[in-house]
Each structure stands twice: as structure tokens, then as C-alpha cells.
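Hi,

Here is the structure I promised to send over.

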Amino acid sequence: MSGRCVSMKGRNLGGGKPPLSEDADPPETSQRQQQQHAEAEDGEIVHFSHPEHRLAPFDFPYLFMCMGCKEYGAGKRFMCQICGFQLHDFCALAPPSLHDHPFHPRHQHLLFFDKPGGFLRCKCDVCGKAVKGFSYRCACCSFDVHPCCAAMTRRMELPAHAHPLLLAPADSGVATSFVCQVCRRRRSGRVYQCMPCGYYLHAKCAKDMVNGLYEHGVVPPERSNPLLAVAKVTINALFGVIGGLIEGIGEGIGEAFVENIGRSRGRSFR
């Protein structure tokens, strides 16, 4: 998955076109990566994940599921007007690789992957959520990050707070020692903080301010575990059967009761 290396210093992935490379394309760059961001004059692109049709930029305030990273979003997107295929703008315009990303200073290169690798489900090292589609992965270790999380920076000016928020160090232990000011929960993952105010914000909640959910007031549905969903369906079906049996028994008892009353009345009139 080698490709051009793009400096992340003073850049982000959410601003229209992807940052241009500071180095020439290596000769081994794949044709798919070369065509990933092929743009037409009207802003449409041909994306490797959906080569059948062109994708056009849109800005709608409603919820959608990005077919690249398998995460929710609202607002800006690239969409197929023929079949409805949709991608976040930062997923559609994600460069093949990132160089010197501030979230992973230990190693220089993060490579773009269109599918999670291995049998075990990996988690994003920024927001803590599962990686189910597009991601950037370290070439040297197991560091993994969603494209949306990669679009965030160490210092963020977000609508949830009046002051700039700074990313807390990964080993600070802050994540589980405070309640997020947005979701009012404790969870794993990276944390943004305002030291003067004592304001804390999960990176996951900050991500919702990058992918358009917070801006448009959209609350995504909670994703349930497939096993729990199957168990819920099974339990509902079981209760339905039991309910049907009880109802049948009740009807039988009721009919017998009415029949006995009828018989007793018949005898009393004799």
C-alpha cells in the first residue's frame, strides 16, 4: 500500500482537495492509488472503492453511513447520484499515506488501508472505536486510526468550548478519570482538555464535530452487537410463542368457564 507521503504539519484532511505531495510519486505507486483522486472539472471524482460511477460533492444536513470507513456522518460528502453510494469528504480525498502525523510521533509513516487486517478486530488508537473500513496504519507497529480521526490535530478549536482544546498525552491516564462534558460518560481513547477551565472532551465526541454530526444536531443510532441482536430476536420470538400458548390456554379456560356457566344455568331452569 505504498504511496506518496504527505506532511501533516499545519495540514488536515478535511479541507477540500487532499494535500499535494512534497515528493515525487515513487515508480511503484499502484494505478488504483493514482486514480483514487482523479477529478473532473465539475468537482466529481472517480474513487477506487466505487469505480462504476463518478462521485459528486454534496452538503446535506442529514445522517449517512460512509461506505469507506463504515462510520456515520452528516453534511459534506461525496455521493453517487445513480446508486446512492456515499463517502465522507475526508475519506474520498484521503491521501495514500501520511507523514509525521502528530498523533503518532514515534514512527514517520502511516499507510492507507481500505480494509481492516487480520482476524481480530482492531480499534482506532485515537477514538477507541472499532476499525471496520478505511484506516491509516503504522508501517512499523499496530497503531491504527480512522481517516476522520487522522483529520484532527493536537490543538482544536471546537464549537463545544470557548477555548482551544489540546490533546492530552496518551499515557496521562486522563481518559478514565473524568466525565466528558459532551456525552457525560467515561470511556477509553484519547482526550482533549482545556487546562484553565478543567474542561475535558473525548476524542470520539470531538470527531462528531469534525464529521458534521454535532454541527447539524444529528445523533447517530447506537450500534448493537450482532449477537445481542440475534439474542433479542430469539427472546422476542420465544416470548411470542409463550404468549401464544398462554393466550390459547386462557381462551380454552375462558371457553370452558363460559360453557360451565351455561350448563349450570340450563340446569337451574329445569
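**Cysteines and salt bridges**

Cys127 is buried, with a relative accessible area of 1%; buried here means under 20% relative accessible area, exposed over 50%, and partly exposed in between, using a 1.4 Å probe and protein chains only.

Before going further, please keep in mind that this is a predicted model: local features need pLDDT of at least 70, side-chain atom pairs count only at pLDDT 80 or more, and totals for chains, interfaces and linings use all residues. Residues are numbered from 1 along each chain as its sequence is written, and side-chain values use heavy atoms, with hydrogens and water left out.

How many disulfides does a search of the whole structure find? The search comes back with zero, where a disulfide is a pair of cysteine sulfur atoms within 2.5 Å. For Cys127, the closest cysteine sulfur belongs to Cys124 and lies 3.8 Å away, which is too far for a bond.

Now to the charged side chains. Side chains of opposite charge can pair when their charged atoms come close. Searching the whole structure turns up four salt bridges, each being a side-chain nitrogen of Lys or Arg within 4 Å of a carboxyl oxygen of Asp or Glu.

One of them joins Lys129 to Glu71, at 3.5 Å from N to O. This pair links distant parts of the chain, 58 residues apart: Lys129 sits in the loop between strand E8 (109-113) and strand E9 (135-138), and Glu71 in the loop between strand E4 (56-65) and strand E5 (72-79). Helices (H or I, at least four residues) and strands (E, at least two) are DSSP runs, numbered from the N terminus. Lys129 is partly exposed at 22% relative accessibility, whereas Glu71 is buried at 6%.

Glu71 also meets Lys207 in a salt bridge, at 2.9 Å from N to O. Here the two residues are 136 apart and again link distant parts of the chain, with Lys207 in helix H4 (residues 203-207) and Glu71 in the loop between E4 and E5. Both Lys207 and Glu71 are buried.

Another salt bridge pairs Glu157 with Arg155, at 3.4 Å from N to O. Glu157 is exposed, at 62% relative accessible area, while Arg155 is partly exposed at 48%. As for shared partners, salt bridges join Glu71, Lys129 and Lys207 into one network.

Best wishes
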